[in-house]
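Work through the exercises below with the sequence and the model side by side. Try each task before reading its solution.

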Amino acid sequence: MANRYWVGGTGTWDATTTHWSASSGGASGASAPTNTDDVFIDNNSGAIVITVSSSAVCRNLTISNTGNGSITGTLTNCAGSYSGPTRSEEHTSELQSRLHL
């Protein structure tokens, strides 16, 4: 089990190492998350526009990025949480429907 952090802003969540780091705001090149890894999308992730590919999995997803952005696609085997000052029922529902949490 490892922590994986999204870095580099816009991109596709897939099996490549382009957007994954072992630390928040760190260098890319970490392995893509597996179904035993925790994923974090935070303020060091950049302006996010993430497209989730069919191969994307994680153990838990935590989104604390307070900026604008979007995540589209379906994650399997991935529990989720969102924290930030703009949390609302509408935002949470939209996030869940987009991610199918």
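**Strand pairing around β4**

Three bridges join strand β1 (residues 3-6) to β4, and the two run parallel. This is a predicted model: local features need pLDDT of at least 70 and side-chain atom pairs count only at pLDDT 80 or more, while totals for chains, interfaces and linings use all residues. Residues are numbered from 1 along each chain as its sequence is written, and side-chain values use heavy atoms, with hydrogens and water left out.

**Exercise 1. Find the salt bridge.**

Task: how many salt bridges does a search of the whole structure find, and which side chains meet in a salt bridge at 2.8 Å?

Solution. 
- Step 1. Apply the cut-off. A salt bridge needs a side-chain nitrogen of Lys or Arg within 4 Å of a carboxyl oxygen of Asp or Glu. Side chains of opposite charge can pair when their charged atoms come close.
- Step 2. Count. The search of the whole structure finds one salt bridge.
- Step 3. Name the pair. Arginine 59 and aspartate 38 meet through their side chains, at 2.8 Å from N to O.
- Step 4. Locate both ends. Arginine 59 lies in the loop between β5 (48-52) and β6 (60-63), and aspartate 38 in strand β4 (residues 38-41). The pair links distant parts of the chain, 21 residues apart.
- Step 5. Check accessibility. Buried means under 20% relative accessible area, exposed over 50%, and partly exposed in between (1.4 Å probe, protein chains only). Aspartate 38 is at 9%, so it counts as buried. Arginine 59 is at 40%, so it counts as partly exposed.

**Exercise 2. Classify the aromatic pairs.**

Task: which kind of pair do tyrosine 5 and phenylalanine 40 form, and which kind do tryptophan 6 and tryptophan 20 form?

Solution. 
- Step 1. Set the rule. Rings of Phe, Tyr and Trp (its six-membered ring) pair if their centres lie within 6.5 Å. Planes under 30 degrees apart are stacked, over 60 edge-to-face, and the rest tilted.
- Step 2. Count. The structure holds three aromatic pairs.
- Step 3. Take tyrosine 5 and phenylalanine 40. Their centres are 5.0 Å apart with 20° between the planes, and the pair is stacked. Tyrosine 5 is in strand β1 and phenylalanine 40 in strand β4, 35 residues apart. Tyrosine 5, at 15% relative accessibility, is buried. Phenylalanine 40, at 21%, is partly exposed.
- Step 4. Take tryptophan 6 and tryptophan 20. The ring centres are 5.2 Å apart and the planes at 85°, so this pair is edge-to-face. Tryptophan 6 is in strand β1 and tryptophan 20 in strand β3 (residues 20-21), 14 residues apart. Tryptophan 6 is buried at 0% relative accessibility. Tryptophan 20 is buried at 1%.
- Step 5. Widen the view. Trp6, Trp13 and Trp20 form one aromatic cluster.

**Exercise 3. Read the core.**

Task: name the residues that touch the most other members of the largest nonpolar core, then find where its largest share comes from.

Solution. 
- Step 1. Define it. A nonpolar core is a set of buried Ala, Val, Leu, Ile, Met, Phe, Trp, Tyr and Cys residues joined through side-chain atoms within 4.5 Å.
- Step 2. Of 17 residues in the largest core, Trp13, Ile41 and Leu61 touch the most others.
- Step 3. Trace the sources. β4, β5 and β6 each supply at least two residues of this core. The largest share, three residues, comes from β5.
- Step 4. Compare with the chain. Buried residues make up 36% of its 101 residues.

Notes: Helix = DSSP H or I, 4+ residues; strand = E, 2+ residues; numbered from the N terminus. Pairing = 2+ DSSP bridges.
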